[in-house]
Structure formats: C-alpha cells, structure tokens
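Here is a friendly note to read alongside the model. Please keep the sequence and the 3D view open as you go.

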Amino acid sequence: MSFNTKGIVTKEDWYKAIQSPEYDEQAAFSYNFLNACRTPIMRSYLKKWGDPIKHCSRKFEYPYFYQVIKSFNVGLENDKILDIGSGLTFFPFFLKSRSYNIVAIDIDPIVKRGYEEIEKGGLHE
C-alpha cells in the first residue's frame, strides 16, 4: 500500500487504507487485544469510545502511520516512536509486538492507568 498524501487525505486514500492488508492485520490485532484486555478501566473506556480501529479517522490513521514507520525504518533498536494523544488503544501494543519501541502518552490520566493495568496484569504481550 502506498499513500501519496501531502497532509490531505482524499476519499481514495481512505478507501485504499480500509482495503489494505495493514488494516486487516490491525483490525484482527485490535479484536484480540480488546478480548484479552477486559480490565475495568478498559471496559469503561470502550463503552465511551468503542473499538478505535472502527473510528472513521483511525481507519486511515493507523495503516498510514504503520506504513510511514516501516518506510523510514524508525522505532527499532535505539530509536523510539512517541505517540502523543494515543488514547487507550491497541496501536502501541501492535507496534511493540512487531519489535518497535514506542512510548504512548495522553493527557487523560485514565489512559496512563489503563496502560499500566494492562501491562501489570500481563494481559497483552
């Protein structure tokens, strides 16, 4: 999959993203992540926001950024990826499962507590 966007996402780009193998891979990962991580914080967060991969903008965002990360070969070894405003989603765990070093932060204190709860409980590797 290749996007030629210069900061403006076209309808064609969006459809290309949701029909991509990257989207399918991430949707499957999200499904498994949500089923494995049924902590009280996660359940509350999901009730409010739902499955992140199903949000209109995230359907493009996640496959797009995964492609960018792979193309620049960043986040491996000593590099780190910083996800600012991550929300409580599968995406940082998806990248970690592919050997990327990622730090996810969000202004919402629930997000930090949720990630700590997931990691502490060993709910998702």
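The points below go from the whole chain to single residues.

1. **Before you start.** This is a predicted model, in which local features need pLDDT of at least 70, side-chain atom pairs count only at pLDDT 80 or more, and totals for chains, interfaces and linings use all residues. Residues are numbered from 1 along each chain as its sequence is written, and side-chain values use heavy atoms, with hydrogens and water left out.

2. **The overall plan.** The protein chain has six helices and two strands. Helices (H or I, at least four residues) and strands (E, at least two) are DSSP runs, numbered from the N terminus. Reading from the N terminus, the order is α-α-α-α-β-α-β-α.

3. How much of the protein chain counts as buried? Of its 125 residues, 40% do; buried means under 20% relative accessible area, exposed over 50%, and partly exposed in between (1.4 Å probe, protein chains only). The protein chain exposes about 7600 Å², and carbon and sulfur atoms supply 54% of that. Accessible areas come from the Shrake-Rupley method with a 1.4 Å probe; for residues, only the protein chains shown count as cover.

4. **Two crossing helices.** Look at helix H1 (residues 11-18) and helix H4 (residues 56-72): their axes come within 9 Å and cross at roughly 75°. Axes are lines fitted to C-alpha atoms, for helices over the stretch in contact, and angles run from 0 to 180 degrees between N-to-C directions. H1 is therefore roughly perpendicular to H4, a label for angles of 65 to 115 degrees. Asp-13, Trp-14, Ala-17 and Ile-18 of H1 make the contact with Cys-56, Lys-59, Phe-60 and Pro-63 of H4, where contact means heavy atoms within 4.5 Å.

5. **A buried strand residue.** Ile-102 is found in strand S2. Is Ile-102 buried or exposed? Ile-102 is buried, because its relative accessible area is 9%. Not counting residues up to four places away in sequence, Ile-102 touches Ile-81, Asp-83, Pro-92, Leu-95 and Lys-96. Ile-102 and Leu-82 are 20 residues apart in sequence, yet 5.9 Å apart in space, C-alpha to C-alpha.

6. **An exposed strand residue.** Now find Ile-84, in strand S1. With a relative accessible area of 62%, Ile-84 is exposed.

7. **Contacts along the chain.** Take the contacts in the protein chain between residues at least 6 apart in sequence: 62% of them join residues at least 24 apart.

Technical notes
Parallel < 35°, antiparallel > 145°, perpendicular 65-115°, else oblique.
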